[in-house]
Each structure stands twice: as C-alpha cells, then as structure tokens.
Amino acid sequence: MEDLKEKVALVTGAAQGIGEAIAVELAACGASVAVVDVNLAGAERVSRNLAKTSSGSFPIKADVSLPGDVENAVAKIIKRFGKIDILVNNAGISPKDEKGERIPTLDLDPAEWDRVMCVNLKSVFLCTRIVGREMKKNRSGSILNISSMSAKTGYFGPPAAHYCASKAAVVNFTIYTAKEFIAYGIRVNSIAPGAVLTAQREGTSSRYNELLLGQIPMARFAQPAEIAKAVVFLVSDSASYITGEILDVNGGAVMD
C-alpha cells in the first residue's frame, strides 16, 4: 500500500462509482480527501465512511463545470489544509437512450453535446487551472485525469460520439499539461478504464454489455477498486518519474 500520509487530495465526482472507490483508496493510504460532487448527500455518505480511516476528509457540493463552484471548493480546501497535493479529475457522464443504447450521432441534441463536454472536459480544465495554481506555489503536485478506453477506440454502442470525443480530448489535455507543468514540479497522468461495474454500467443494455464482454480477454468487467488502485499508484511517489502517461486499465481490451 502506498504511503499518502500528510497528503491532501481532491476527487471530483466522488459520491459514487469509480470516484468513490478512488476516495476510499486514497483515504486508506492516509490521505485527507475532499469528496467533491454535485450530489451533496452522496458526498456526505462517502465522507462519513472515509472518516473511519481519514479524519481529514470532508464533503463539498460543487458543479465542477462551473468556474465559481470550482473556485469555492478549492478555497474551502486551502482554508482547511493549506494545500492540495493530489487532484483526481473523475467527474463524468455518459448519456444513453431510453433502452441503454448508444445515441446515434445524427440524433444527438447539440445541447446534450454541450452538457457532456462541460462535465467531461471543461471540468478537467477548470479544476486543473485552479488547483494547478496552488500546486505551482508549492512547486509540487500530482494530477490524474480519468479518460476512457473509448478515447482510443471510439468503439461501437454506448458511449456515444460526444462521450468518446470528450475523453479523447482529456487524453490530449493530459499530455499537453504534463509537458507544460513539469516546470512547476507537477506531474499529470491519466487512467483510461475499460468497462467498469458501476451504476452507469448497470444502465447500459444487456445486449451491448454482452458484446463488450466478448471483446475483453480477461472475460469480465473491472471492479471500481481496480481502477482506484491504479490511480493511487500514479499519484504517489512510487510514480515520481512518470508523467504524461495514459495508463490502460481494461482487462486487455486495448493494448498499445
């Protein structure tokens, strides 16, 4: 287990799924974790559970696609801890149709496109921009962006074009900022998960899940904790010489 004692982490979209698993794993390694989510009740539930291992953890309600919400959240964390060592940009959405299937590109509502880009991409920029300024002051920090296997494959079925495009942009943003931020002592990496057993997976049609499962050499979907453990490695000092990495965690479905 990595040692993250004295570290302060901000995890977006941490009220459920992969984000919750990441928060739990960071706290188990000793970090104080700000559980940031638009769903305050969910963030409070996660924070109560984290209190068993990390007395420094607390919930914050924020829509991370809004600059003011991000600024307020970061200000609260800085006021309480004086720093942020780790930023995990996890918040994301993957809309599907009423049957849990892909929304065809020709049927995509421009407003829905904009919503996905705001939550999946703009939030990464906003959090990186605002938290990065704090990290720059300390000449230290680690940023981890959650992308997706679909950023590399654009595979059929859910998720749709807007999701795939947003996650591909996260990959490029990761590489760009990794090159830029190294001068500030900040590392930037990304995890590209495959199919994970979360509420989003449960909302996907059984037909598509069966097709996807057939493409995974390990013949199973990931548990959220398996993604979280990879995240913890990349943000820890064990990965001190790694930056700009897009780590595939997908059971062998994509092999670079």
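User: Which residues in H4 and H6 meet?

Analyst: This is a predicted model. On the H6 side the contact uses Ala161, His162, Tyr163, Ala165, Ser166, Lys167, Ala169, Val170, Phe173 and Phe181. By class, the residues of this contact are 13 nonpolar, 4 polar and 2 charged. The H4 side consists of Glu112, Trp113, Val116, Met117, Asn120, Leu121, Val124, Phe125 and Thr128.

User: Are H4 and H6 roughly parallel or oblique to each other?

Analyst: The axes of H4 (residues 110-138) and H6 (residues 161-181) come within 9 Å and cross at roughly 15 degrees. The crossing is right-handed. Angles under 35 degrees count as roughly parallel. H4 and H6 are therefore roughly parallel.

User: At what angle do helix H1 and helix H9 pack?

Analyst: H1 covers residues 17-28 and H9 covers residues 224-235, with their axes 8 Å apart. The angle between them makes H1 oblique to H9, and their crossing is right-handed. The packing angle of H1 and H9 is about 50 degrees.

User: How many nonpolar, polar and charged residues does the contact of H1 with H9 have?

Analyst: From H1, the contact takes Gly17, Ile18, Ala21, Ile22, Glu25 and Leu26. These meet Pro224, Ala225, Ile227, Ala228, Lys229, Val231, Val232 and Val235 in H9. The count by class is 11 nonpolar, 1 polar and 2 charged.

User: Is glycine 194 buried or exposed?

Analyst: Glycine 194 lies in the loop between strand E6 (186-193) and helix H7 (199-202). Leaving aside residues up to four places away in sequence, glycine 194 touches Met149, Val249 and Asn250. Its relative accessible area is 14%, and the cut-off for buried is under 20%. Glycine 194 is therefore buried.

User: How far apart in space are glycine 194 and alanine 253?

Analyst: In sequence, glycine 194 and alanine 253 are 59 residues apart. For the protein, among contacts between residues at least 6 apart in sequence, 75% join residues at least 24 apart. The C-alpha to C-alpha distance between glycine 194 and alanine 253 is 7.4 Å.

User: What radius of gyration does the protein have?

Analyst: The protein has 9 helices and 7 strands, and 53% of its 256 residues count as buried. Its C-alpha atoms fill a box of roughly 50 × 35 × 35 Å along the principal axes. A compact globule with 256 residues would have a radius of gyration near 18 Å, which agrees with the value for the protein, 17 Å.

Key:
Residues are numbered from 1 along each chain as its sequence is written. This is a predicted model: local features need pLDDT of at least 70, side-chain atom pairs count only at pLDDT 80 or more; totals for chains, interfaces and linings use all residues. Side-chain values use heavy atoms; hydrogens and water are left out. Axes are lines fitted to C-alpha atoms, for helices over the stretch in contact, and angles run from 0 to 180 degrees between N-to-C directions. Helices (H or I, at least four residues) and strands (E, at least two) are DSSP runs, numbered from the N terminus. Angles under 35 degrees count as roughly parallel, over 145 as roughly antiparallel, 65 to 115 as roughly perpendicular and the rest as oblique. A crossing is left-handed if the near helix is turned anticlockwise from the far one by less than a right angle, and right-handed if clockwise. Contact means heavy atoms within 4.5 Å. Ala, Val, Leu, Ile, Met, Phe, Trp, Tyr, Cys and Pro count as nonpolar, Asp, Glu, Lys and Arg as charged, and the others, Gly among them, as polar. The radius of gyration is taken over C-alpha atoms; the globule rule is 2.2 Å times the number of residues to the power 0.38. Buried means under 20% relative accessible area, exposed over 50%, partly exposed in between (1.4 Å probe, protein chains only).
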